[in-house]
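I wanted a first look at this structure. These are my notes on what I looked up.

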Amino acid sequence: MKAGYFPQEIEKRWQAKWEENKSFFTPDSTDKPKYYALSMFPYPSGKLHMGHVRNYTITDVIARFKKAQGFNVLHPMGWDSFGLPAENAAMQRGANPETWTDENIAYMTQQLKMLGLSYDWEREVTTCKPDYYKWTQWLFIQLYKKGLAYKKEAAVNWCEKCGTVLANEQVIDGKCWRCDSVVEKKYLSQWFFKITDYAERLLKDLDLLDGWGDNVKTMQANWIGKSEGAIFRFPVVDAPNGEKMEVPVYTTRPDTVHGITYLVVAPEYKDIEKLTTENNRPAVEEYRANARKMTEIERLSTDRVKTGVPLGTHCLNPFTGETFPLWTADYALVEYGTGAVMAVPTHDTRDFDFAKKYNMPMKVVIQNPENPSDCSTEAYTEEGVLVNSNEFNGMKNTEAKKAITQKAVDGGFGEFKTQYRLRDWLISRQRYWGAPIPMIYCDKCGIVPEKEENLPVLLPKDVDFSVVGKSPITTSPTFAETTCPICGAKARRELDTMDTFVCSSWYYLRFADAKNTEMPFAKSLVDQWLPIDQYVGGIEHAILHLLYSRFFTKAMKDLGLLSFDEPFKNLLTQGMVLKDGSKMSKSKGNTVDPDEIFENYGADTARLFILSDSPPARDFDWSDAGVEGCYKFLNRVWRLVADNSEHLTLAYKLSFPLTRENDDLVRVVHMAIKGITNDISNDFQFNTVISKYRELTNAIYDWVGAKGKVGFNEEDKNVLSFAIISLVKLMSPVTVHMAEEIWAELGGKTSIHDEPWCEWDENLAKASKITLVVQVNGKVKDKLEADEGASNDELQALALASERVKELTDGKEIVKVIVVPKKLVNIVVKG
């Protein structure tokens with residue numbers, strides 16, 4: 001065995017052998033229990049960053065650990081390869097997005113292999129390839145047939161810079177999630193998935209996800225946003241055209257309905273033009289145009305002064321017989337509730353500010369009996385009793401909600417209503433590099449799906465990527481024209497492509513049956529492998545990807561394609577990799593290139609360091625000194641093996657009893673095995689695992705140092721072999737190449753990664769001796785070494801035999817002796 005540690009040489013050799021031997025191939029049929037470990041697959045941007053390294057190393061350690069424990073582990077990798085960056089690169093560089101993507105995938109694949117990850121590359125999926133997006137299109141058609149995919153004209157989030165529509169979840173603080181440009185509202189005819197049909201199931205089933213962090217579940221629950229309230233319908237008394245109209249309003253405060261003094265509709269409200277008088281129309285249209293330029297965040301900001309204009313029409317309050325004016329105001333959003341808000345200025349802060357600004361009337365309908373208020377200076381928003389509310393006067397407002405709604409139900413002008421903040425998922429994108437939506441427009445048959453036998457609908461090649469503000473697909477002279485799959489007449493293809501989140505909402509299912517050409521996956525295989533036992537990815541995907549994937553899974557179960565309700569049994573959201581306290585970014589100049597780390601220190605050092613500093617769920621601060629320290633530690637382990645290799649054997653055998661020194665080392669090893677196993681099993685505390693690697697290494701070095709003075713006998717060699725081989729096995733999920741090399745050098749005929757995990761003996765996983773604290777009248781007077789298994793009587797006798805205790809108790813009465821097992825003896829004396 002070479003005296004020096006040369007990771008670059010070792011790692012290249014073992015990576016080649018693993019690939020040649022298909023070492024990480026996963027069979028579907030085996031008598032072992034299954035374990036599915038998965039990292040969120042990456043977008044092929046060009047190069048790995050340290051966030052990737054952390055994510056994939058965490059999952060790889062879990063996969064290798066579970067394999068060693070006897071599981072048949074599925075650990076695949078693929079590429080979330082559609083998306084705007086490739087299209088933008090094509091426009092900027094004149095390159096085809098497919099070529100750009102393929103080159104990036106090839107480079108990043110090589111980086112992943114350099115990292116020593118145990119992927120079954122036979123199951124690789126690439127979402128931009130026809131053999132994958134054929135089935136994305138097929139699933140779209142199944143959702144369409146079930147009524148879960150539909151098209152409508154809607155006010156959508158439009159990013160001018162990207163030239164595309166964004167889902168609500170892709171608008172962050174009023175800006176595009178990709179380019180950070182301000183998002184505007186625009187009316188377009190778009191395709192949606194009816195995720196709202198699953199709102200209650202998505203919310204309720206969060207309770208089933210015991211393996212998810214509460215923070216992620218709370219984020220999803222808040223996004224779904226369930227609220228209990230009522231719909232009230234207010235008749236319009238003076239519609240300009242004399243048409244019989246009503247304005248429905250959703251409210252969570254039916255107890256305040258007697259205090260309505262005006263009603264607000266959103267600038268985008270569907271009937272706003274019918275509700276506007278000719279005299280008010282110019283001001284209303286100007287106001288609506290200005291509102292379209294504002295972001296949702298700006299419109300809802302509590303710091304911004306609210307504005308509005310009257311429509312000139314009025315509604316009747318069926319509870320009071322009073323009429324009140326209709327206004328439009330930008331703080332009302334068409335996406336929420338019904339797009340209309342009943343305004344009660346005395347009991348809502350926003351309505352109060354608006355009413356004060358425009359000198360609107362106010363009517364108190366809830367008061368605190370102990371401290372009544374006329375609400376002239378601020379709205380009263382706490383609980384109380386009803387006043388000025390006819391037959392409901394004196395009732396607690398919390399009780400009045402149900403009673404008032406019931407009156408509306410009985411009167412035919414209202415109903416109980418459960419509302420969700422969640423909106424249907426907008427999946428249309430006006431761009432090229434995505435899965436074409438497989439729908440056809442026929443003048444005779446209407447909108448119809450492509451025949452399934454004609455899938456995939458392929459992306460056209462004859463496009464102009466230099467166009468700005470519209471999809472390059474629209475420039476293809478051949479793509480749009482087609483024939484109707486029903487009547488055979490001339491027809492037109494849908495020119496939009498699907499949101500890339502559609503592709504990533506089912507990829508984890510394809511891994512179970514990646515080569516299937518007849519269907520997206522066999523039901524028997526997805527039912528066998530899923531749900532995923534451990535999913536690892538960033539917290540930034542808590543809403544978008546995870547929510548969409550849960551929806552897809554539930555919809556596919558309803559379609560009979562699979563048998564489970566939730567795709568991810570356990571979820572680990574790893575923290576970011578920081579440098580100098582900040583998130584790594586090219587603009588800050590604080591990035592670290594994984595290739596340089598591999599070249600200078602080796603992948604095993606990178607793997608060890610990226611796990612060593614903090615628990616995986618917390619942010620990790622990069623340190624060049626920390627990398628150097630991990631490299632030195634691996635050199636130290638290597639030297640420990642190399643310097644003692646002549647004494648080591650894989651066929652070691654421990655014969656008890658052992659000498660005291662050997663027994664102590666064996667116990668240290670068993671305690672390390674127990675501690676490391678538990679740290680990995682319980683929340684993947686890899687930082688403490690690596691600390692235990694160091695502790696065990698130090699203990700072996702200390703033992704060798706003491707033994708070196710007298711030499712090794714056979715018992716010593718067996719104990720040393722047990723200790724060092726256990727250390728290497730325990731390190732093998734993390735330092736994968738070095739462990740494989742050492743194992744082979746010591747005579748291993750198979751891979752160390754096929755070896756079973758170390759086991760501990762509970763009787764040996766504790767020290768043979770304990771330190772017994774001896775107290776006299778509660779004060780420590782001596783410390784003694786005792787056998788770990790000594791009884792209370794034996795500990796008491798040992799304490800009383802102490803020379804120090806004899807001095808202190810001589811001539812005094814021992815009142816009682818208190819023994820705390822395995823810890824202390826307290827002798828109480830008087831006199």
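The entries below go from the whole chain to single residues.

**Ground rules.** I am working with a predicted model, where local features need pLDDT of at least 70, side-chain atom pairs count only at pLDDT 80 or more, and totals for chains, interfaces and linings use all residues. Residues are numbered from 1 along each chain as its sequence is written, and side-chain values use heavy atoms, with hydrogens and water left out.

**Whole chain.** I looked up the secondary structure first. The protein chain has 24 helices and 34 strands. Helices (H or I, at least four residues) and strands (E, at least two) are DSSP runs, numbered from the N terminus. I then took the box around the C-alpha atoms: roughly 110 × 85 × 50 Å along the principal axes. Of the 831 residues, 53% are buried. Buried means under 20% relative accessible area, exposed over 50%, and partly exposed in between (1.4 Å probe, protein chains only). The chain exposes about 36000 Å², and carbon and sulfur atoms supply 49% of that. Accessible areas come from the Shrake-Rupley method with a 1.4 Å probe; for residues, only the protein chains shown count as cover.

I checked contacts too, meaning heavy atoms within 4.5 Å. Among contacts with a separation of 6 or more, 72% join residues 24 or more positions apart.

**Charges.** I found 102 positive and 117 negative side chains. Lys and Arg count as positive and Asp and Glu as negative; His and the chain ends are not counted. The centres of the two sets lie 1 Å apart. Each charge is placed at NZ of Lys, CZ of Arg, CG of Asp or CD of Glu.

**Salt bridges.** The structure holds 51 of them. The term means a side-chain nitrogen of Lys or Arg within 4 Å of a carboxyl oxygen of Asp or Glu.

- Arg123 and Asp120 meet at 3.2 Å, N to O, and both are buried.
- Arg350 bridges to Asp351, with the closest N and O atoms 4.0 Å apart. Arg350 is partly exposed at 30% relative accessibility, whereas Asp351 is buried at 2%.
- Arg804 and Glu807 meet at 3.6 Å, N to O. They are 3 residues apart in helix H24 (residues 803-809), so about one helical turn separates them. Arg804 is partly exposed at 36%; Glu807 is exposed at 56%.
- Lys2, Glu9, Arg13 and Glu741 are linked in a network.

**Negative patch.** Which residues gather in a patch of negative charge on the surface? I found Asp580, Asp613, Asp619, Asp621 and Asp624. Patches take residues with over 30% relative accessible area and no salt bridge; like charges are joined within 9 Å, nonpolar side chains (Val, Leu, Ile, Met, Phe, Trp, Tyr) within 5 Å. Asp580 sits in the loop between strand E28 (577-579) and strand E29 (582-583). Asp580 counts as exposed because its relative accessibility is 66%.

**Helix H3.** In H3 (residues 84-93), I noted Leu84, Ala86, Glu87, Ala89 and Ala90 as buried. The buried residues of H3 pack against helix H4 (97-114). Just after H3, Gly94 takes a positive phi of about 75°.

**Ala266.** Is Ala266 buried or exposed? Ala266 is buried, with a relative accessible area of 0%. I located Ala266 in the loop between strand E12 (262-265) and helix H8 (281-292). Beyond its neighbours within four places in sequence, Ala266 is in contact with Ile272, Thr328, Ala329, Ala332, Leu333, Val334 and Gly339. Gly339 is 73 residues from Ala266 along the chain, yet their C-alpha atoms are separated by 5.5 Å.
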